Amino acid sequence: MSELIFNRSRPGRRAGGLAPDSEESAADLPASCLRKSPPLLPEVSELDVVRHYTRLSQKNFSIDTHFYPLGSCTMKYNPRAANRLAMLEGFLSGHPLAPVRFKQGFLECVFELQEILQSVTGMSTVVLSPMAGAQGEFAGIAMMRRYHRSRGDAGRTEILVPDAAHGTNPASAIMGGFKVREIPTDREGDVDLGALKAAVGPATAGIMLTNPSTLGVFERRITDIATLVHGAGGLLYYDGANLNAILGRVRPGDMRFDILHLNLHKTFSTPHGGGGPGAAALGVSARLEPFLPIPFVGRDPTGGLRWIGEAERPDSIGRLSAFMGNAGVLLRAYAYTRLLGREGLRRVSAFAALNANYLARRLEAAGFELAFPRRRASHECIVTLRREAREYGVTAMDFAKRLLDHGMHAPTTYFPMLIPECLLIEPTETESRDTLDAFVEAMVQIRNEAVTDPGRVRAAPWTTPVRRLDDVRAAREPDLAWRPPGRELAPGA
């Protein structure tokens, strides 16, 4: 309650006190549109507002203030230079309906980004229409469906999805009108080839894979998988959420994928998870090119740049939004790739893998159990706390909450669900060895507390503005509306 701005409200206090009051702006409004009573707003000064929201912002966990090893989400520091370049006045003041002759600078940036990502991924064509990774997935599935139907192959109704997949994969497949068939992974984290052989057939439209997978390991038999699925007439879809691990080293196109999406807001500079806009790139092999969403940027015969639309792509799956992509996110990605260059992008994956493997081996040496101890980590590693839960009654969620008291955000908990008491840890390429060492030390301290004072760990966090919530109640009975004391909220309000 102390954090509510209404508690700072005082009658008659105003934020715009120097401006003269006026009722003229409402003179032309019909009486039916005018309020009968003033809105329930706090009466505060401008300085009260600034201080209130500044204090709230300082209570947030963020990349700018804390270590954020959220597995499979690439919560890494992103250079401010890319943001500054994307906010140049010439970009900010542009209008999407402006004639293309006035937008050549922006179109050149987008066109070059398409070509850079085409080179990085090994795909025949890359477009930047999707507004987020999930929309990129949906577009990819729509293209897969359109491809099979263009060949008169309407019997392909199944999408194969490994049991370690991101949850968006089966969701996108079902939204695209397909049935989902789950494929198990083996004890080493690879797709079970025997199960895959038994599953593929005339109904197989394709398979959706992340490589490296959410198990934190690289799929070693990817070419065998491609041979099996292609041999059955299906397509390979690449979920690019984990591209950070292989950037500049292994290309999905060379792994024989037919469709991919990349989360530009994970790998290419826009902060991920902050609630702002996302963006995705969508890449295809040559046989899927006719079905790409529109518009995208291409060259005209004079050498200039223009939008490629429906007239030239009659078999397109259509538009994904009113215009094309999130311009600011695309510009950040373009600036990021140009600032780093080819060798810089290779260093991203080198340090992402180095940090993950260093962290895995340090945690293992400290007595923690790795989910796949015989496998090399990709950009993330998995620790299972099943032993700690069994012996001390302290769960992965308890460790996660206690890490907040050490000034560190928790890794992903309980995903992938194949691993009991799972922590999926992604340090990213931007963290120092000192930070990784501090994380290991915090994990060791928490485990020591689990032995000597387990109740303290189970009751964590202790130092955050809000203590541990009842997650189920918070989801089912959210209380999101403020009302004056003693005043009930009207039904349906």
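Modeller: Let's begin with the lining of the largest pocket: its residues divide into 11 nonpolar, 8 polar and 5 charged. This is a predicted model, where local features need pLDDT of at least 70 and side-chain atom pairs count only at pLDDT 80 or more, while totals for chains, interfaces and linings use all residues. Residues are numbered from 1 along each chain as its sequence is written, and side-chain values use heavy atoms, with hydrogens and water left out.

Colleague: What makes a lining residue nonpolar, polar or charged?

Modeller: Ala, Val, Leu, Ile, Met, Phe, Trp, Tyr, Cys and Pro count as nonpolar, Asp, Glu, Lys and Arg as charged, and the others, Gly among them, as polar. Lys-59, Phe-61, Leu-404, Thr-464 and Val-466 lie nearest the centre of the largest pocket, out of 24 lining residues.

Colleague: What makes a space a pocket, and what makes a residue part of its lining?

Modeller: On a 1 Å grid over the protein atoms alone, a pocket is an open set of points where a 1.4 Å probe fits, with protein on both sides within 12 Å along at least five of seven lines; a lining residue has an atom within 4 Å of a point. The largest pocket holds about 710 Å³ of space, and H12 (396-405) gives the largest share of its lining, 4 residues. The second largest pocket holds about 540 Å³, and among the residues closest to its centre are His-95 and Trp-307. Its lining divides into 17 nonpolar, 9 polar and 2 charged residues, with H10 giving the most, 4 residues.

Colleague: Why does Ser-285 count as buried?

Modeller: Buried means under 20% relative accessible area (1.4 Å probe, protein chains only), exposed means over 50%, and partly exposed is in between. Ser-285 is at 17% relative accessibility, so it counts as buried. Ser-285 sits in the loop between strand S7 (280-284) and strand S8 (296-299). Not counting residues up to four places away in sequence, Ser-285 touches Met-123, Ser-124, Phe-257 and Asp-258, where contact means heavy atoms within 4.5 Å.

Colleague: What makes S5 mostly covered?

Modeller: Of its 5 residues, 5 are buried. Leu-235, Tyr-237 and Asp-239 point one way from S5, while Leu-236 and Tyr-238 point the other way. In a regular strand the side chains alternate between the two faces of the sheet.

Colleague: How do you know that S4 and S5 pair?

Modeller: Two strands pair if DSSP finds at least two bridges between them. S4 and S5 are joined by 4 bridges and run parallel, so they meet that rule. Strands here are DSSP runs of E with at least two residues, helices are runs of H or I with at least four, and both are numbered from the N terminus.

Colleague: Which residues have the most contacts inside the largest nonpolar core?

Modeller: Ile-207 is one of them, with Leu-117 and Phe-268 also included, in a core of 51 residues. A nonpolar core is a set of buried Ala, Val, Leu, Ile, Met, Phe, Trp, Tyr and Cys residues joined through side-chain atoms within 4.5 Å. Leaving aside neighbours within four places in sequence, the contacts of Ile-207 include Leu-160, Leu-196 and Ile-225.

How values were computed:
Points joined across faces, edges and corners; volume = space filled by probe spheres on them.
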